[in-house]
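Please consult the sequence and the structure shown below while reading.

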Amino acid sequence: MSIKLNAEIRARAGKGAARATRRNKKIPAVIYGEKKAPVTIELDGHAWVQLIKTPGLRTKLFEIETGSGKESAMLMDIQYHPVSDAPIHVDFKRIDVTKPVSVTIPIQIINIETSKGIKMGGVLNFAVRKVAIVANVKDIPESIVIDLAELSIGEVVHGSALKLPNGVSLGLRQAELAFAAITGKMAEEADAKKAAPAAAAPAKGAKGAAPAKAAAPAKPAGKK
């Protein structure tokens, strides 16, 4: 589902014009790309602050009504004030909705508590938390799910094993990445290692083995 956004065209660009826009409780922004001239716009400051709380905003299609027409775009960047952390500028990139785009979306892990490997004492290693995909905007999911229910100790989920929705493919060099793994020792392996030193050590109080008897001296050969 696309996000409808109303914006006003800014008559002037530059730092001075941007500061004036912010004084009026507006946020300066720009729409660029698709081999067209950039369009400088301004957004309602209060409405934008509320909107950026929406999860997965960078994977959404924006339908921006500028008064001069409608622009289909995706959110590329938000600049924030270094002290107040308030948004001070927004970048949008035009897209062709008929062509696939490259985006990065989060990985969601489910069934950690019921995972076979976790129950056996394993530890979840969740190092890569985002995956690059290629899809038309309408097909972009909010996240890709990894189900740990049947994952055992020593098993790894690579990009090639991710379950992707229809119309979605992996980005470059994603198939070989290890997104999640359960590490640790199997219970029987750990028990065997504990048992080995115990079996090798003599029991406390046990007498040492009797020394071997010396070999009897050879008898001298009898006289003929």
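Two strands are said to pair if DSSP finds at least two bridges between them. The model discussed here is predicted.

- An open sheet is built from three strands in the order 9-14-12, and the pairing is antiparallel.
- Strand 9 (123–125) and strand 12 (156–158) are the edge strands, as each pairs on one side only.
- From one strand to the next, the twist averages 10 degrees.
- Three bridges join strand 12 to strand 14 (residues 178–183), and the two strands pair in the antiparallel sense.
- Valine 156 has alanine 181, in strand 14, as its bridge partner.

- Most residues other than glycine have a negative phi.
- Glutamate 34 is not a glycine, yet its phi is positive, at about 60 degrees.
- Glutamate 34 lies in the loop between strand 3 (26–33) and strand 4 (36–44).
- Asparagine 111, which is not a glycine either, has a positive phi of about 60 degrees.
- The loop that holds asparagine 111 runs between strand 8 (101–110) and helix 3 (116–119).

**Exposure of these two residues**

- Partly exposed residues fall between the buried limit, under 20% relative accessible area, and the exposed limit, over 50%.
- Glutamate 34 therefore counts as partly exposed, because its relative accessibility is 42%.
- Asparagine 111 is likewise partly exposed, because its relative accessible area is 33%.

Note on methods. Residues are numbered from 1 along each chain as its sequence is written. This is a predicted model: local features need pLDDT of at least 70, side-chain atom pairs count only at pLDDT 80 or more; totals for chains, interfaces and linings use all residues. Side-chain values use heavy atoms; hydrogens and water are left out. Helices (H or I, at least four residues) and strands (E, at least two) are DSSP runs, numbered from the N terminus. Axes are lines fitted to C-alpha atoms, for helices over the stretch in contact, and angles run from 0 to 180 degrees between N-to-C directions. Buried means under 20% relative accessible area, exposed over 50%, partly exposed in between (1.4 Å probe, protein chains only).
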